[in-house]
Amino acid sequence: SIDVGEAMLFIFEKSARNYFWMKDMLFSIDIVWLDTDKKVIHIEKNVSPGSFPKSFGPNEDSKYVLEFKEGVTESIGLEVGDRVEF
């Protein structure tokens with residue numbers, strides 16, 4: 001599980017088209033894609049395990065991906081164009 005104050009961060013060696021799916025997931029999440037400057041380029045909200053085998057991702061390259069508990073991006077007001085610090 002992921003708690004409200006937590007996130008899972010994926011760091012890729014280089015920017016690329018990084019798509020995610022919900023294989024073997026047991027709960028819904030919000031997924032956020034960031035470019036090399038850590039700017040939000042795409043958000044998928046409330047992605048459920050039942051969406052498998054559908055893949056999610058932007059039509060542009062990303063360097064980082066964050067996964068949050070379902071509903072967190074909405075509750076903190078995260079939007080495309082925002083910058084994330086970590």
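Predicted model: local features only at pLDDT ≥ 70, side-chain atom pairs only at ≥ 80, totals over all residues.
Residues are numbered from 1 along each chain as its sequence is written, and side-chain values use heavy atoms, with hydrogens and water left out.

The protein chain contains 1 helix and 4 strands, taken as DSSP runs numbered from the N terminus (helices: H or I, at least four residues; strands: E, at least two). Read from the N terminus, the order is β-β-β-β-α. The radius of gyration is 12 Å, close to the 12 Å that the globule rule gives for 86 residues, so the chain is as compact as a globular protein of that length; the radius is taken over C-alpha atoms, and the rule is 2.2 Å times the number of residues to the power 0.38. The C-alpha trace spans about 30 × 25 × 20 Å along its principal axes.

Of the 86 residues, 38% count as buried, meaning under 20% relative accessible area (1.4 Å probe, protein chains only). Strand β4 (residues 62-69) is mostly covered, with 7 of its 8 residues buried.

Strand β4 also takes part in two pairings, where a pair requires at least two DSSP bridges between the strands. Strand β1 (residues 7-16) runs antiparallel to β4 over 6 bridges, and here F10 stands opposite V65 of β4. Strand β2 (residues 29-34) likewise pairs with β4 in the antiparallel sense, over 6 bridges, with I29 opposite K69 of β4.

Methods
Buried < 20%, exposed > 50% of the residue type's maximum accessible area, 1.4 Å probe, protein only.
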